Structures are given as C-alpha cells and as structure tokens.
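Trainee: Hi, could you walk me through this one?
Mentor: Happy to, let's open it up together.

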Amino acid sequence: MGAPPAPKRDVVWVDGLRGIASVLVVTAHICRSLAPHLLSPAMSDKLPPTLFQLPFLRCLVMGRPSVAVFALVTGFVNSLGPLKKSRTGNADAALSGVAKSTFRRFGRFMIPAIVVTTFSWVACQFGAYNIAHAANSAWIRDTSPTPSASFAGAFYDLFKSLGTTWIDGFNEYDRIQWTLTYLLQGSMMTYTTMFALVYVKPRWRMALIAAMFYFKWKGGDSLVGFNVYCGIFLAELSIDSDVADFVTAYPLIQSVGSASMIFLGLYFCSYPEENPEWALWSKELLHLGRWIFPSNVEYGRYYPGMGADIVATGIMFNATAKKILSHRFLCWMGKLSWPVYLLHAPLIRTVLTWVLFGASVRPQQGKDQDGNQLPPGWLPIANNWVVVFAVPLFYVFLYRVAGLWAQWVDPWCMNVAKVFEETVFRDDARVDKPLLLS
C-alpha cells in the first residue's frame, strides 16, 4: 500500500513569477539598448546614482535574475509531477511520465526556436535590420544580423544558425537564443535527477538534491545548475506535510522569515553587471562574494542566481506574495512568457528600432586631417518624446503578437511535435496527455 497522498499545494504563483521574469527580460534589453549606464551602480565612481541604479529599484531593469528564475522554474515545474507520484507510491508512473516528457521537451524548445529564427532570417534578407545597423545603440547594432552574400549562402547561414544554437549557443539571427541550450540542459538535468531518485525516500532525496545544489555551486554552474536544483528542492518542500505543519505551527516565523528572505534576495539580485566598485553597497557585496563564492566565478551571475533562489523560497512561504503572484493578470503574463521571450529581441531590433531611429538622419562627421570624408555618425533617437510614447506601446504590441503566437503558432508547433512523436513512439507509449508542466 502506498503512502497517503501529500496535501495539495497552490503553485499558481509560479506562473505569475515567470510572467514578471519575462517582462523584466524585455525591459532589461530595452535598457541595454537605450540606457546602458544602468548596468553600473552609479554614473561614475565620482558621480551619484540615478534612480534605477539604486539597489532594489535596479531589479526592474536587470535581466540576469530573470534567467535564474527561468532555470529555477524549470527545475520546479518539471519535477513536481514525478515527485508527487513518487510520494504516493506511483514511482513507475512517475518514470513513465519522465521518459515521455524528456522526449517531448526537445520539441517544446526546438520547434518554436526554429520558427522564430526562420522569421528573423527572412526579415534579415529583406533588409529589416538595416536601420538597426546604423542606430546609436551598441546592443542593437551588435545583435542585428546582416544579409547573406548570395541566395545559396542565405540558406547555408540559416541552417548553420539552426544547428549552432544547440551546439554552442550562437544564433546569428537571434542572439538571445544562447540561453535556450542552457535551459534545455536544465530540463534534462531535472529529468535525469528524477530518474535517479524517484525510488528514494523523501528525506534522503531532499538530502541528495541539496548535495547536488552544493556540487553545482562549487563547480561554478551559476547559469542553470544550482538554480535548477533549488527549484527541485522547493518542489519537494511544497508537497511535504511536515514542512506544512511546521509553517502552520509558527506563523510569525513564516511571515517575518519569508519577508526577510524576499528583501535579502532582491538586494542580492541588485548586484550590478558592470563597475560594482562605483557604489558603496555593491562594493561591499563585491568583498562579501570573495568569502561566499568559489574562486574565479562571475559575481554578476552568482549574485542574481542566489538572490532569485532566496526570493523564490521566501515567496513559497509567504501567503501574501503568493496571492499577489496568483493574480490572473500576472498568470496571463506567465502563460505568454515563452512567446514573449522568443519574440521580443527580433521585434526590438526591427519594430521598436524603426520607430525610435527611423525618422533620423545620420550626422556628417566632416573630414579627417588628410581631407578624406569620414563616415557618418550613428542614427540618433528621433525625439525623446518618441521614447516616452513608443516604449509603452511596444509592450502592448509585443504582448498582442505573443497572444497571436500562443493562439496560432504554438498549437501548430505542438501538432508537429505530436506527429513526430506518433511516428517514433511505440504503440503502447502513445498517449494524448500534455506535458508534465511547461
């Protein structure tokens, strides 16, 4: 006879957290394009910070904590189903589900990425990025592809990018897809862990997951490794009756402790990507990192990762935070987080760039000392008022396009994956069930 079912837990808040993370990635890339000084904690080592360079507020314009959240959510949602089945004595069903989800995960990642890359490739060949190449924004210029030299070369470049995306993370037509290979690795890490530990007793499984977290921490895997294992550990805690009883028995510790964790996590997430020595608070974190982090690691990855893990842990034990994140608007954003992530960078380099820079004229630089004409300068933003109106409208446009993607393209991608699955799966393995969680 199996163990009694674990009590149900409300995990809707995870969708809200994912929705916030996705919109902050968009904001971070817009800020990289238009206000790169926000990557530092101050304007210089001698000048005071602007508003969004301050700790906590700068979390609104940073993207690295969001990547850590994606990795954590990957571990959480992809382990939750198998862990529940394992705790109810259905380990065989858990293994069957993990086997099928492992296979389907490749289609879930690869097919939409192929579609977006192809769209960006077509746009590139027809000159959609021409304005981006001349824009007065280093991030927009550096991440915008150039048309291929020939018709045959264009197809070669496309297929090359489709392959290198998953080999070394480089995609000429959508540079931000470098994260996809790591997040896919995070999914495989989660499934492998479930395969290995599904028959292990819960207490021993939590100990082993904690050991894997430490292993990834010491090994320098700050991008997905320890964040994924934090997500798996939180999934285990969320369905553990003893943890629920402890939290219920000590409500003051729950409320004060969880709020303190959220506060501390956001402080760590504020760690700047550049020039941490320019502000006292970030300089102190720089010194602290030498004590708590492994040697020769990137603090700009470790602090956001650690901060995101602490914030997520605090949220899980804070009823108010979970209620806020479970709001239907944030959950709606969470449902669209995947298309928003895939689509936002190509749309920034085309639609938003056209609006901000398209009406400008490249300034003439004059001649050098030998009388040779210098190349014209970069296209400036047409008008500051254009930014004020265009950027908010861009978010509306982006989510509208993401909604259409979810309505039309996602089902098509799922059908393609299903046809392939029916082709390669054995007859006794074909089922019309959705993924464990996406």
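**Cavities and a bent helix**

Mentor: The largest cavity has a volume of about 50 Å³. Keep in mind that this is a predicted model.

Trainee: How many cavities of 30 Å³ or more does a search of the whole structure find?
Mentor: Two. The second largest cavity has a volume of about 40 Å³.

Trainee: Back to the largest cavity, which helices each supply at least two residues of its lining?
Mentor: Helix H2 (64–87) and helix H13 (299–316) do. Among the lining residues are Arg 64, Val 67, Ala 68, Arg 301 and Pro 304. The lining divides into four nonpolar, three polar and two charged residues.

Trainee: And what lines the second largest cavity?
Mentor: Its lining is made up of Leu 38, Leu 39, Arg 58, Val 61, Met 62, Pro 272 and Glu 273. Those divide into five nonpolar, no polar and two charged.

Trainee: New topic: what span should helix H17 have?
Mentor: H17 covers residues 384–424, so at 1.5 Å a residue its 41 residues should span 60 Å. The C-alpha atoms at its ends are 55 Å apart, which agrees.

Trainee: Where does H17 bend?
Mentor: At Ala 406, by about 40 degrees.

Trainee: Which residues in H17 are buried?
Mentor: They include Ala 390, Val 391, Phe 394, Tyr 395, Leu 398, Tyr 399 and Ala 402. An α-helix has 3.6 residues a turn, so residues three or four places apart point the same way.

Trainee: What covers the buried residues of H17?
Mentor: The cover includes helix H1 (13–34), helix H3 (91–125), helix H15 (328–335) and helix H16 (337–357).

Notes: Residues are numbered from 1 along each chain as its sequence is written. This is a predicted model: local features need pLDDT of at least 70, side-chain atom pairs count only at pLDDT 80 or more; totals for chains, interfaces and linings use all residues. Side-chain values use heavy atoms; hydrogens and water are left out. On a 1 Å grid over the protein atoms alone, a cavity is a set of points where a 1.4 Å probe fits but cannot get out, and a pocket is an open set with protein on both sides within 12 Å along at least five of seven lines; lining residues have an atom within 4 Å of a point. Grid points are joined across faces, edges and corners, and a volume is the space filled by probe spheres set on the points. Helices (H or I, at least four residues) and strands (E, at least two) are DSSP runs, numbered from the N terminus. Ala, Val, Leu, Ile, Met, Phe, Trp, Tyr, Cys and Pro count as nonpolar, Asp, Glu, Lys and Arg as charged, and the others, Gly among them, as polar. The expected span of a helix is 1.5 Å times one less than its number of residues. The bend at a residue is the angle between axes fitted to the seven residues ending there and the seven starting there. Buried means under 20% relative accessible area, exposed over 50%, partly exposed in between (1.4 Å probe, protein chains only). Contact means heavy atoms within 4.5 Å.
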